Amino acid sequence: MPKIRVTKEFHFEMAHALWNYDGLCKNIHGHSYKLFVTIIGEPINDKKSPKNGMVLDFGDLKRIVKINIVDIFDHTIVFSSLAPTNDFVNAKQMFERIEILDFQPTCELLVADFAERIKSKLPLDIKLFSLKLYETATAYAEWFASDN
Ligand SMILES: [Zn+2]
């Protein structure tokens with residue numbers, strides 16, 4: 001069977017602030033993120049399988065990315081662990097969904113982190129090929145398995 005790449009698109013709203021950054025993005029602000037997840041594998045060649053002809057059921061890919069990325073980061077505020085968050089997160093109602101990461105939450109480092117979260121959850125015969133994370137309509141970062 002030929003190797004085929006399959007892509008699914010996801011959307012989520014996330015806020016962040018870049019601690020120690022020298023521009024406007026040091027302020028808390030949000031983005032409408034778009035994430036393109038591309039996997040690669042051989043379509044199932046088994047006439048008896050309900051998934052015959054599929055690399056991976058789009059529904060299964062959706063579930064994996066929803067549980068491991070979207071459910072965690074949608075309507076969440078994300079900070080680097082270097083930021084002094086204890087000074088301002090006392091209004092618990094506003095910070096119910098907060099993620100403190102051990103890296104600066106740039107588009108570049110987020111896409112690398114997302115790759116790790118997704119890779120280990122895929123079936124053994126399916127590989128993560130690439131991720132493309134749009135932070136704005138015109139700016140995105142990409143992760144490719146072949147580069148890493
Ligand atoms: Zn930003």
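Buried means under 20% relative accessible area, exposed means over 50%, and partly exposed covers the range in between. The structure discussed here is a predicted model.

**Glu 42**

Glu 42 has a relative accessibility of 42%, so it counts as partly exposed. It sits in the loop between strand 2 and helix 1 (58-73). Setting aside neighbours within four places in sequence, Glu 42 is in contact with Met 1, Pro 2, Lys 3, Met 54 and Val 55. Ile 126 is 84 residues from Glu 42 in sequence, yet the C-alpha to C-alpha distance is 8.1 Å.

**Zinc site**

Which protein residues are the donors of the zinc ion? They are His 16, His 29 and His 31, each through NE2, lying 2.0 Å from the zinc ion. The spacing of the donor residues in sequence is H-x12-H-x1-H. His 16 belongs to strand 1 (residues 4-16) and His 31 to strand 2 (residues 29-41), so this pair, 15 residues apart, links distant parts of the chain. Both His 16 and His 31 are buried.

**Aromatic pairs**

The model holds eight aromatic pairs. Phe 12 takes part in two that are set out here.

| Pair | Centre to centre | Angle between planes | Class |
|---|---|---|---|
| Phe 12 and Tyr 33 | 5.3 Å | 10° | stacked |
| Phe 12 and Phe 114 | 6.1 Å | 65° | edge-to-face |

Why does Phe 12 with Tyr 33 count as stacked? The planes of the two rings meet at 10°, and the cut-off for stacking is under 30 degrees. Phe 12 lies in strand 1 and Tyr 33 in strand 2, so the pair ties together parts 21 residues apart in sequence. Phe 12 and Tyr 33 are both buried.

Phe 114 is buried, as is Phe 12. Phe 12, Tyr 33, Phe 73 and Phe 114 form one aromatic cluster.

**Charges over rings**

Two lysines place a charged end over a tyrosine ring. For Lys 34 the ring is that of Tyr 134, with the charged end 5.0 Å from the ring centre. For Lys 132 the ring belongs to Tyr 140, and the distance to its centre is 4.6 Å.

**Ser 80**

Is Ser 80 buried or exposed? Its relative accessible area is 3%, so Ser 80 is buried. The residue lies in strand 3 (residues 76-80). The side chain of Ser 80 reaches the backbone nitrogen of Leu 82 at 2.9 Å. Not counting residues up to four places away in sequence, Ser 80 touches Ile 100, Leu 101, Phe 103, Gln 104 and Pro 105.

**Cysteines**

How many disulfides are there? The count is zero. Cys 25 is in no disulfide, and the nearest cysteine sulfur, that of Cys 107, is 11 Å away. Cys 25 has a relative accessible area of 26%, so it is partly exposed. Cys 107 has 7% relative accessibility, so it counts as buried.

Definitions and conventions:
Residues numbered from 1 in each chain as written. Predicted model: local features only at pLDDT ≥ 70, side-chain atom pairs only at ≥ 80, totals over all residues. Heavy atoms only, no water. Donors = N, O, S within 2.8 Å, 3.2 Å for Na, K, Ca; no water. Helix = DSSP H or I, 4+ residues; strand = E, 2+ residues; numbered from the N terminus. Buried < 20%, exposed > 50% of the residue type's maximum accessible area, 1.4 Å probe, protein only. Contact = heavy atoms within 4.5 Å. Polar contact = N/O pair within 3.5 Å; in protein donor to acceptor, adjacent residues only side chain to side chain. Phe/Tyr/Trp six-rings, centres within 6.5 Å; stacked < 30°, edge-to-face > 60°. Lys NZ or Arg CZ within 6 Å of the ring centre and 35° of its normal. Disulfide = S-S within 2.5 Å.
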